Amino acid sequence: MTPKQYCQQKTAKSGSSFYYSFRFLPKQKREAITALYAFCREVDDVVDEYTELKVAQVKLAWWRDEIKNLYQAKPIHPVTKALQPFVHSFQLSEEHFHEIIDGMEMDLNFNRYQDFKQLQLYCYRVASVVGILSAQIFGFNNRKTLKFAHDLGLAFQLTNIIRDVGEDARRNRIYIPLEDLATFGVSEDDILRSRESAAVRKLLEFQIERAESYYDKALHELPDEDKKSQRVGLIMAAIYRTLLREIKAGGAESVLNARTSLGPLRKFWLAFRTWLKFL
């Protein structure tokens, strides 16, 4: 299996919405973004698959060394081998890859976030940085596009957090800021035990409104001159925002005891329609 094939398999296997947007890209950009996403999956899998803290820390430390190898043109892993042709041609910063790993380390060290400021740092590292790297691969003329990518990444991660409230709770994780729980009179136990109540519904509605505000902010920031080059980001926004609205329609039950998702055909239709809109 070649490094490219490894990354393609890793991306397709995840079943992520990202996969549907990548397919519309020209070959070089598609290979670059697929390799980037495969890297994100690899380091995320470390946190999900290794329950021993020290083992996970060692694995992430290995990935830090491997990023150094990548920028010294001597990668070992199939993912970094696939990334190597693109890190310089798309001006992908080494520091950004380390920031993504920093975000994964936060998952090893925290299972609660005290306030939105602390959560924002996590979201920046695991999502906004990925958005910025992606925007560089897609191409842009106006540097305001990087702000679009930053805020869109934040919107995506907030959507993920809302979607996975129940699933995360079953792993003793609460990503909704504890400050917000206190504001709405919701206890940690209410979340951990998936108790549906008026207070929980209002808490989740507030989280949805916050995510929506970041979609609005990001789309407002994207310069007209870069809308065509950033179509993949716009496709992702269409898919994720539709998911967020499905969650809103389904109420608290749709995230506490279930996992709302969009079917493959619906994702593909949203992707195709958005791509055509910005031709």
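1. Lysine 10 pairs with glutamate 42 in a salt bridge, with the closest N and O atoms 3.6 Å apart; the term means a side-chain nitrogen of Lys or Arg within 4 Å of a carboxyl oxygen of Asp or Glu. The two sit 32 residues apart, lysine 10 in helix H1 (residues 3–14) and glutamate 42 in helix H3 (residues 27–49). Helices here are DSSP runs (H or I, at least four residues), numbered from the N terminus. Glutamate 42 counts as buried because its relative accessibility is 10% (buried is under 20% relative accessible area, exposed over 50%, partly exposed in between, with a 1.4 Å probe and protein chains only).

2. Lys10 and Glu42 also belong to a salt-bridge network with Arg41, Asp44 and Asp45.

3. A word on the source: this is a predicted model, where local features need pLDDT of at least 70 and side-chain atom pairs count only at pLDDT 80 or more, while totals for chains, interfaces and linings use all residues. Residues are numbered from 1 along each chain as its sequence is written, and side-chain values use heavy atoms, leaving out hydrogens and water.

4. Glutamate 188 and arginine 112 meet through their side chains in a salt bridge (2.8 Å, N to O). Glutamate 188 lies in helix H11 (residues 188–192), and arginine 112 in the loop between helix H6 (94–109) and helix H7 (116–138). Arginine 112 is buried at 14%, whereas glutamate 188 is partly exposed at 34% relative accessibility.

5. Aspartate 190 and arginine 195 form another salt bridge (2.9 Å, N to O).
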